[in-house]
Every structure is written in structure tokens, then in C-alpha cells.
Amino acid sequence: MSQKQHFTGLTDAQVAESRSKHGVNILTPPEKEPLWKRFLGKFSDPLIIILLIAGALSIGISCYEFFALDEGGSVFFEPVGIFIAILLATGLAFIFELKADKEFALLNQVNDDEPVQVIRNGNAMQVARKDVVVGDIVILNTGEEVPADGELLEAVSLNIDESTLTGEPMCHKTTDPEQFDPDATFPSNHAMRGTKVMEGHGVMKVFAVGDKTENGKVFEAAQIDDSVKTPLNEQLDGLGDLITKISYGFAAAIIIGRIVMYFVNTPEFEWVHFLAYFLQTLMVAVTLVVVAVPEGLPMAVTLSLAYSMRRMLKTNNLVRKMHACETMGATTVICTDKTGTLTQNQMQVYKTNFFGEPSDLVLCEGIAVNSTAQLDLSGEKAQVLGNPTEGALLLWLRERGANYAELRENATRVEELPFTTERKYMATVVRSASGKTILYVKGAPEIVFGMCKNRCGVTKEEIDAQLLEYQNQAMRTLGFAYQEIEAGDRTIADSKVAAENLTFLGIVAISDPVRLDVPDAVREVTDAGIKVKIVTGDTPGTAKEIGRQIGLWNDATDGERNIITGTEFAELSDSQLRERVGDLKIIARARPMDKKRLVEALQANNEVVAVTGDGTNDAPALKTAHVGLSMGDGTSVAKEASDITIIDNSFSSIGRAVMWGRSLYQNIQRFILFQMTVNVAACLIVLFGAFMGMQSPLTVTQMLWVNLIMDTFAAMALASLPPSRSVMKEKPRSRTAFIINHPMWRSILGTGGIFFLLLLGLLYYFEHTDITSLTEIGKVAMGANTGLSPYELSLFFTIFVFLQFWNMFNARAFESGRSAFHFKGCGGFVMIALVILVGQIVIVSIGGQFFNVVPLKAVDWAIIIGATSLVLWIGELIRLFRK
């Protein structure tokens with residue numbers, strides 16, 4: 001009977017009723033935050049909050065100076081500059097993430113308009129996937145994606161790839177209760193949305209669509225934002241707290257100290273005079289707070305992340321969320337799936353053992369005709385359609401120059417017996433290209449060998465030994481036999497092979513080989529102190545063998561405590577899991593939510609977790625992890641839940657991402673070292689100047705040039721430093737470690753203190769002399785305090801900037817083990833250093849009243865550049881002695 005007589009399907013009225021009751025067959029996309037909300041989210045950064053407070057205080061002072069003291073509009077330059085810094089930092093981060101989102105959208109397009117065959121009103125017809133409803137009768141054919149969850153009504157040699165949901169590449173489906181697999185994740189008579197029909201065909205009745213499918217439930221779990229604070233955010237929070245406390249402490253010291261000084265130095269107290277003095281003190285205190293806040297730091301972090309984002313794309317890492325660039329460097333554990341990440345996800349013939357020297361025609365024709373698989377040769381790389389194991393045989397034929405399609409066309413099929421899990425073999429009778437009638441048999445080697453009369457001198461013990469060797473290496477094996485059929489010979493009867501004169505051809509071992517680069521890549525990340533854990537739907541034996549091949553599993557040291565199955569994993573309580581999770585290396589037969597629970601247990605133990613995955617089942621874990629890494633050919637759900645997409649599906653790209661992350665963190669540290677040195681020197685000058693009654697030598701616009709423009713260029717210069725492979729020899733940094741380490745503190749306080757003393761001495765000297773060139777130093781006698789002339793102010797400002805300029809080279813070489821003059825691959829740094837140098841000369845030469853400067857003489861430029869360069873030479877000597 002035809003299918004039209006078997007199944008009538010739904011009527012149009014029933015389709016409409018089902019759609020209104022159960023909804024449409026679309027996964028509800030995550031609600032996108034409006035752009036304005038995403039932009040405002042950038043203002044939650046701790047350093048941006050400090051800047052906002054400093055900006056608000058600065059506006060208050062500027063208004064007081066403008067309205068109460070009748071000063072010009074230039075008093076508003078400072079608050080304007082601070083808010084420009086805020087907008088630049090937040091705006092850049094926002095723009096770069098938007099660009100990454102657009103690239104990702106192109107990569108991750110989902111087509112809900114794919115045609116699906118259904119039976120409605122008694123007729124077979126095609127409808128869009130989104131239009132499938134509960135109750136629909138759907139026809140499933142080889143190569144098609146299952147459009148919804150359904151119960152099978154018919155299943156003919158039906159095998160479905162459920163790896164997107166369970167990680168299991170091949171599941172046999174049947175409607176016969178006796179053949180149901182009790183250990184299967186989903187019932188043997190169910191076909192699930194998003195899985196793929198690899199061979200055979202079937203008919204199913206839909207019982208769930210859209211969000212109600214298993215695929216939809218996992219997709220929904222992936223939308224729950226369990227994301228945790230990144231290590232960089234935690235450390236920048238700590239830095240923000242420190243800067244706030246120090247700057248407010250200094251400000252309080254200024255207010256208290258100056259009030260005490262007022263009462264000590266003023267014999268008669270007057271309210272009017274005291275209020276004016278108190279307001280002036282408040283202005284000095286707020287100026288110090290503004291000077292203490294590193295306005296360039298949020299911009300530096302943004303630029304560093306954005307730069308890394310663009311460069312990482314060239315190493316096949318498409319970064320969607322900026323923080324992920326750096327978080328990869330802090331990673332302590334990588335949880336990876338097996339298929340497609342560690343292995344090539346394409347079955348290949350590993351070894352052939354044929355006996356009795358059969359002819360090429362018998363071998364090649366037998367493999368070509370006794371198979372249901374096909375090869376798609378339309379792309380650059382041949383793709384297997386159908387059973388992956390059979391596909392491996394066709395690929396082997398292709399490598400030998402045999403065309404399986406021609407071999408099939410030249411042989412006429414007479415009879416065939418499809419593969420079943422009970423028989424464990426398949427058979428095909430053909431009228432061969434040689435003119436003979438031949439029976440070809442293929443299946444489980446021990447079964448096929450037992451059916452053969454002619455065994456080509458091979459014993460059962462030899463076959464068993466070979467099979468054991470291959471199975472220990474997690475390989476699939478197939479046995480082959482044939483018989484030339486003479487008149488009167490039996491071939492197939494009662495759904496089994498009845499031939500009595502079969503000749504055993506041999507055994508083929510087939511494996512999904514480990515990617516060539518994976519063992520080295522795993523060694524690289526483990527040497528870097530990162531633990532790797534395999535989470536797979538495969539058997540413990542297969543998972544262990546892959547672990548051996550990539551260097552993760554060692555039979556001498558690893559045992560039962562290091563491997564667990566999904567069932568055993570589920571039985572552990574949360575406290576038991578936390579206690580054992582550190583030892584686990586492999587989770588086999590893992591179920592969809594096991595990986596998420598594993599990630600949560602590791603995070604509870606204060607690990608920084610990266611997760612790789614390509615299936616829908618991986619999405620919740622990808623979302624929960626500190627960094628989710630999806631594969632370029634993974635499902636759209638997995639990619640949507642991830643932070644980084646590995647375009648080439650290669651584990652070695654993960655190692656490169658770790659190297660970029662660690663190098664990026666070092667570059668951020670180098671910038672903090674550079675800027676905090678500037679701020680320590682500037683703060684101390686303001687602080688001591690306030691108590692010593694000195695004139696403030698640095699104007700607001702000059703400090704904005706140093707803190708915003710120069711520091712932004714410095715951030716670009718330090719961010720553009722290429723990653724260093726040496727970072728992979730270090731252990732992951734502690735999450736609780738402060739971003740400013742001990743060597744940085746020594747450098748910041750030591751260098752900043754020396755700069756302060758030098759500048760303070762220079763300031764005192766300038767105030768007590770009246771020089772017109774640096775060549776007069778030592779020649780002009782010191783007298784009474786005459787204040788600072790415009791030329792002296794210009795000299796002081798330029799010396800201050802060039803001390804920081806040369807210190808930028810020292811910051812660049814910090815903890816690199818290299819000279820500051822190592823410029824290989826650092827063309828960007830040199831270019832930006834030249835821009836800062838030229839910028840300072842231009843500002844002093846033409847800045848005039850805006851920057852409160854006058855042009856300097858050529859001889860003074862030469863003296864300043866030469867003398868301040870001692871900062872770099874001394875730094876080089878220190879690095880030389882430390883080697």
C-alpha cells in the first residue's frame with residue numbers, strides 16, 4: 001500500500017487549530033536589548049563610574065570659577081575633557097561589539113523556510129519548516145534535518161545523528177519495541193528536532209514544535225544569563241576601589257592639613273576670609289581627585305580589547321564579546337567535546353587487512369555496490385551523505401582512484417538485504433561488470449567470518465586478536481566476504497544470507513582520527529597550567545583512547561577516579577561533585593545538561609572555565625562558562641550562546657586565544673604601570689604644592705593632554721604590541737591576585753617618587769630664579785620666590801611629558817625579558833611614539849594661551865629630549881643586570 005493510503009494527515013482546519021493551540025515551529029529568539037540600553041550598560045564599568053563622579057565634581061568647580069570668580073569659559077575645558085574621555089571609552093567598546101555582532105549574524109543565519117515533506121488532506125506536499133504543526137505526518141529522508149519532535153510510525157534502516165543534542169553521532173531508530181535501546185538518551189521511536197537523518201527513511205507524527213521541543217528547551221536554558229563576573233572586571237573593580245580610596249584620602253588630607261595650617265598661621269579668625277580659603281582648599285582637593293583618576297585607563301582597556309578582537313579574527317577566533325579576549329588568558333580549565341574539536345568528525349579507513357589476494361574489481365565493486373552511502377563532490381572537500389562508516393569506505397575508494405558511482409552504474413543490482421542491528425550485516429547480489437553474478441556481504445567481522453567456508457588460511461584466533469587490537473584503539477571494524485553465484489546456488493532467503501560457499505576477504509579498521517594539530521595544542525595548554533577535560537556522548541573506551549592519543553590520559557597514573565559516565569555523574573551530590581571534579585579528566589556518555597553542571601561545579605571551586613562545543617546540547621554550558629567557544633560549523637544555538645566562535649574548528653586556535661588573552665592582560669598591566677607612574681608624580685606635586693604654597697605648574701588643559709591624548713596614544717602603542725609565546729610557559733594567574741603586582745608597585749612608587757623629587761626640585765629652582773634657557777641652569781643665582789614665568793612653565797610641562805614619554809618604553813619592556821629597543825613586529829608602537837613626540841613639539845610651539853605655553857628654543861628641545869632619555873637608559877641598564 002502507498003503512504004497516501006496509510007496516512008491521511010491533518011486537514012487545513014486541523015492545521016489552523018493545532019497552530020493556535022500549540023504555536024508555530026520557531027524557536028523564540030532571545031529578546032535583544034535595545035541599542036540605548038546596551039550603550040548605557042557600558043557605563044557600569046567601575047573606572048567609568050569614578051570618571052563620572054570626577055566629572056560631576058569638576059563641573060561644580062568650573063561653575064563656581066565661572067560665576068563666582070568671573071573667570072573665562074576656559075574653566076569648562078576640564079569637565080568637557082573628562083566627559084569626552086568617558087564617551088570615547090564607552091563609544092568605542094559599543095561600536096566594536098556591534099561590528100562583531102554583525103559579522104556573527106552573517107555566520108549564524110538560521111533558515112526556518114527550509115521545505116519539509118508532510119502529508120495533509122491525504123496528499124504528500126511541501127511546507128516551510130516553520131509551518132509544521134503538532135499532529136503533522138512528516139516524511140523523513142536521508143540527509144534531511146528533523147523539523148520537530150515526533151513519534152515514528154515507520155522506520156526503514158533509519159539511523160539519525162543526534163550529536164547536536166546528545167553528542168552521539170549515530171542512533172538507530174525503530175518502531176519495533178523489541179529493538180528499543182534502554183540506554184538511549186531519547187526513546188528509539190522518537191526523532192528530535194535539529195537532528196539529522198544519516199541513512200534510511202521514515203514517517204513520524206509530530207508531538208512538539210518550537211520552544212516545546214527538546215531542542216527548544218535547551219535553547220531556552222541557554223538564554224538564562226548565568227554568566228559570572230570576568231576576572232578582568234573583578235580586578236578593575238579592585239583597582240577602581242584603590243584609586244578611589246587613595247584619591248579621597250589625599251583629598252581629605254589636603255582639606256584637614258590646610259585647615260590646620262590656616263588656624264596655625266592666622267592669628268585672627270574671619271568667617272569671610274576662612275570661607276574663601278576653604279573653597280580654594282576644596283578646589284585643590286577636587287583637582288587632586290581629577291588628577292589621580294586615570295582618565296585614559298577605560299580607553300586603554302577598550303582599545304586593547306578591540307585591537308585584540310580584530311587581530312584574533314586573523315587567527316580564526318571570531319570574538320563577539322570583548323571581555324572574552326582577556327578572560328581566555330585567565331582560563332584554568334578547558335572543557336572540550338570530542339567529535340569535531342579533538343577529532344576530524346569524518347570517519348576514515350585506518351587500515352585494511354585483505355587476504356588471499358582478491359582482484360581489485362571484487363574489492364572495489366563489493367564496497368561500492370554493497371553500500372547505501374553517497375559522496376557529495378560539489379564542494380572543495382568530499383562530504384559523506386549517509387552512514388559515516390560506509391562513507392569512509394567510499395572515500396578510501398576515491399583515494400585509490402576508483403569511482404564508486406561508475407562501479408554502481410556498471411553493476412546491476414539483483415537482490416539486497418539491508419543492515420539490521422539483529423543481523424549485524426548487509427548483503428547485495430549484483431550482475432557484475434565482469435559478467436558474473438556475485439554476492440557481496442559486509443558487516444561485523446566475527447559474524448561475516450563465521451559465515452565463510454573459504455577463510456584464506458586465516459584462523460579465528462588471528463581475527464579475534466586483530467579485532468581486539470582495533471577495538472582497544474576505539475576503532476570500528478567491518479568484515480567483507482563474497483561468492484560468485486553459479487546456477488542453482490542459494491543467495492538470500494528468509495531475510496538472511498543462505499549462500500554456502502562464501503570467501504572471506506578481510507577486515508577494515510575505521511576511525512574518526514584525531515586532528516593532527518591536537519596533541520601539540522593540548523600539550524601547549526597543559527604546559528601553560530590549564531587542565532583539559534573531555535565531555536563526550538561516546539563510550540568510556542573510545543573517550544579513553546582519544547585521551548591517550550592526545551596525551552591527556554596516561555594508563556600508568558590515571559584510573560577510575562579520573563573517568564566517569566553520565567549516569568554516575570548524575571548520582572553525585574553537588575558537594576561530592578565539587579570534591580571530585582578536580583580529578584576528572586573524562587566524562588563519557590554525557591547527557592545534555594551534564595556539561596553545564598560540570599562548569600558550575602568548577603566555578604564553585606574558583607576555577608576560570610572555558611567551554612568548547614558545537615551542538616545545541618552544549619549551549620547552556622557555553623552560556624554559563626566564563627568563555628564559551630563554539631565551532632564554526634556548529635549549530636546556530638551553540639554559536640548564539642558563545643563568546644568566541646572558532647572558525648576553523650581547531651583546538652590549536654584555542655591555544656592561540658589563551659596566548660592572546662595572557663599577552664593582552666600584560667599589555668593592560670603595562671599601561672597601568674605607565675599611567676599610574678604619571679599620576680603618582682602629578683598627585684604628589686599637587687599635594688606638596690598645596691602645603692608649600694607653590695604655584696600649580698600644570699594647568700588643567702595640560703593635564704588633559706597628558707591624561708587623555710598622550711595616554712590614549714600610549715594605550716594604542718602598548719595595545720599594538722604583538723603576543724608573546726613566552727606567556728604560555730607561565731601558570732594561569734590567580735583570580736584573587738591584584739592587577740598591580742609587587743614588581744609594578746615597586747616601579748610605580750619608585751619611578752613616580754623619583755620623578756616627583758626631580759620635578760619638585762626643578763619647580764623650586766624655577767621659582768627662585770628667572771631663566772630663559774636650560775643652558776643657564778647653574779649659572780643664575782637663586783634669590784627670592786619670583787613665581788614661574790610662561791617660559792619656565794613651558795619648560796616644566798615639556799620635561800614632565802618627556803619623562804613620561806621615555807618611561808613608556810620602559811613600561812613596554814616590563815616583564816617581557818627583552819630590551820626596550822626590541823622593535824620586531826612592533827611597527828605600530830614606533831609609529832605612535834613618533835606621533836606623541838611630534839604632538840608635544842607642535843603643542844608647545846603653537847598651543848599658546850590654550851595650553852598656557854610659549855615656544856621653546858631648539859637648544860632647550862635638544863637638552864630636554866637628551867636629558868630625559870636617561871629614564872630609558874637607566875631602565876635598560878637595570879634590565880641588563882637582571883638577566
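Buried here means under 20% relative accessible area.

**Figure 1. Overall fold of the predicted model.** Of the 883 residues, 55% count as buried. The protein has 30 helices and 25 strands. Its radius of gyration is 37 Å, well over the 29 Å given by the globule rule, so the protein is more spread out than a compact globule. The C-alpha trace spans about 130 × 65 × 50 Å along its principal axes. Of the contacts with a separation of 6 or more, 72% join residues 24 or more positions apart.

**Figure 2. Charges across the protein.** There are 78 positive and 98 negative charges, and their mean positions lie 3 Å apart. The structure holds 23 salt bridges; the next views show some of them.

**Figure 3. Salt bridge Asp464–Lys460.** The N to O distance is 2.9 Å. Both residues lie in helix α15 (residues 460-472), four residues apart, about one turn of the helix. Asp464 is partly exposed at 31% relative accessible area. Lys460 is also partly exposed, at 48%.

**Figure 4. Salt bridge Glu545–Arg548 in helix α17.** The side chains meet at 2.8 Å, N to O. Glu545 counts as buried, at 9% relative accessibility. Arg548 is partly exposed, at 31%. A network of salt bridges links Glu545, Arg548 and Asp555.

**Figure 5. Salt bridge Asp574–Arg597.** The N to O distance is 3.1 Å. This pair links distant parts of the chain, 23 residues apart: Asp574 in helix α19 (residues 574-580) and Arg597 in helix α20 (residues 594-604). Asp574 is exposed, with a relative accessible area of 55%.

Key:
Residues are numbered from 1 along each chain as its sequence is written. This is a predicted model: local features need pLDDT of at least 70, side-chain atom pairs count only at pLDDT 80 or more; totals for chains, interfaces and linings use all residues. Side-chain values use heavy atoms; hydrogens and water are left out. Helices (H or I, at least four residues) and strands (E, at least two) are DSSP runs, numbered from the N terminus. The radius of gyration is taken over C-alpha atoms; the globule rule is 2.2 Å times the number of residues to the power 0.38. Buried means under 20% relative accessible area, exposed over 50%, partly exposed in between (1.4 Å probe, protein chains only). Contact means heavy atoms within 4.5 Å. Lys and Arg count as positive and Asp and Glu as negative; His and the chain ends are not counted. The place of a charge is taken as NZ of Lys, CZ of Arg, CG of Asp or CD of Glu. A salt bridge is a side-chain nitrogen of Lys or Arg within 4 Å of a carboxyl oxygen of Asp or Glu.
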